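Dear colleague,

Please find below the structure for your review. My notes on what was found in it follow directly after.

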Amino acid sequence: MSGPIPDRDNDFVNDPVDRIEVREGRATTVGGLDIVRVLPTKGRRTVGAWCFVDLMTPPDAADPDPMEVGPHPHIGLATVTWLFAGEAEHSDSLGTKQLIRPGELNLMTSGHGIAHAELGLGPRLLGAQMWVALPEATRHEAPAFEHHGELPSLELREGEAKVILGSLGEVTSPARTDTALVGAEIRIRDTTEIPVDPTHEHGIVPIDGTVLVADAVVEPGWLGLIPAGVSELRVAARTEARFLLLGGEPLGEPIQMWWNFVARTKDEITEAWRAWQQRNGDRFGPVPSELSPIDAPAPPWIPRSQL
C-alpha cells in the first residue's frame, strides 16, 4: 500500500520545532483500504529522511475490503512495509514475490525507478506503509529489494523495542539505510526511557494506547514531533501501549513529492510520469501481478496541450 501524495501534501514544508509538538493524522482511503495519514502533515514534510507514513486502520467488520494496490511506480524513495496483523504479498519489477507477516520487514529501494503491487491476504490487515526519501548520492541508482524475517530487539526498563531500520541504543537493524536514521516498533508497560541520538529529530506515532511524551499527550494515529538535541526520551502509558519511533538526521535537501514520486524538481517528476504513462520498460519494468496497473493522474503543472 503506497501513497499517493495529493497536491495538498506537496505544499507542506518543515516549520522549525523547538519543543515537542503534536499533529493529528487524517483519514483517507487508498487501494480500498482505510488509512490514517500521519506524514506529511501541515508544517512537517519530513522527520529525518522519513517523508511518508500511512497507518492501515481496522477494516469494517461487516464488510471488509481487501487491500488491492495494482502495479504503480516509484522514484527517489525506499518503501518500508511493516505489519501489525494479517499478511500481504509484495511483487515488483525486479521479479520479486514476497509474503510479509507481522514482525517482518519489506524494504524496497526505488532508486531511478521501480514498479510494484501489493495484495492483502485475508480480511484483517493492520500495519504501516512508510517512505524514506533517498539522498542525492543514491537516488539515481538501480532499484533493490530486501526482506528481513527476523529483526533485533532492544530491552527497555519497562518495555521492548524492535529495531526496524537504523540503530537504537546499541542495537542495529541489518536492513539497508541510505541516511542516518532509526525506525522501531516499541511496546511499553509503564514509564520508560528510550536512548536516542541527539543529532536526530524524532517522531512518535502511537498505534494502540495513548502515550505521554515528556508532557505532551499523543493519541493513536497522531504524530508527536521531538526536535534534535534530546539524548533520552521519557515515554509513559497508563496501560500497555505500542508505538512507532521514527527519526534521523535532518535530510538537509529540499524535496518535491507528488503522487508516488519523490524528486528534487517538477521536471524530474514529469519525466517519470511520462515514462510510466508510456509503460517504459527500461525504467519501470513489468510486475508479476494479476492486478491492473494504476494510471497516474496528470501533474497539475503540465498544460493540457502537452498531455
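In this predicted model, four strands form an open sheet with antiparallel pairing, in the order β15-β20-β17-β18. The edges are taken by β15 (191-195) and β18 (216-218); each has a single partner strand, so one side of each is left without a neighbour in the sheet. From one strand to the next, the twist averages 30°. Within this sheet, β17 (residues 211-213) and β20 (residues 232-236) run antiparallel and are joined by two bridges. L212 has A236 in β20 as its bridge partner.

The loop between β17 and β18 contains A214. Although A214 is not a glycine, its phi is positive, at about 55°. This residue counts as partly exposed, with a relative accessibility of 41%.

W259, also not a glycine, has a positive phi of about 50°. Its place is the loop between β22 (256-258) and β23 (261-263). With a relative accessible area of 5%, W259 is buried, because the cut-off for that class is under 20%.

A further backbone feature is the cis peptide bond between L39 and P40, with omega of about 0°. P40 belongs to the loop between β3 (33-39) and β4 (50-56).

Lastly, the structure holds three cavities of 30 Å³ or more. The volume of the largest cavity is about 70 Å³. Its lining consists of A78, L107, T109, V132, L134, L165, R176, T177, D178 and L181. Six of the lining residues of the largest cavity are nonpolar, two are polar and two are charged.

With kind regards

Technical notes. Residues are numbered from 1 along each chain as its sequence is written. This is a predicted model: local features need pLDDT of at least 70, side-chain atom pairs count only at pLDDT 80 or more; totals for chains, interfaces and linings use all residues. Side-chain values use heavy atoms; hydrogens and water are left out. On a 1 Å grid over the protein atoms alone, a cavity is a set of points where a 1.4 Å probe fits but cannot get out, and a pocket is an open set with protein on both sides within 12 Å along at least five of seven lines; lining residues have an atom within 4 Å of a point. Grid points are joined across faces, edges and corners, and a volume is the space filled by probe spheres set on the points. Ala, Val, Leu, Ile, Met, Phe, Trp, Tyr, Cys and Pro count as nonpolar, Asp, Glu, Lys and Arg as charged, and the others, Gly among them, as polar. Two strands pair if DSSP finds at least two bridges between them. Axes are lines fitted to C-alpha atoms, for helices over the stretch in contact, and angles run from 0 to 180 degrees between N-to-C directions. Buried means under 20% relative accessible area, exposed over 50%, partly exposed in between (1.4 Å probe, protein chains only).
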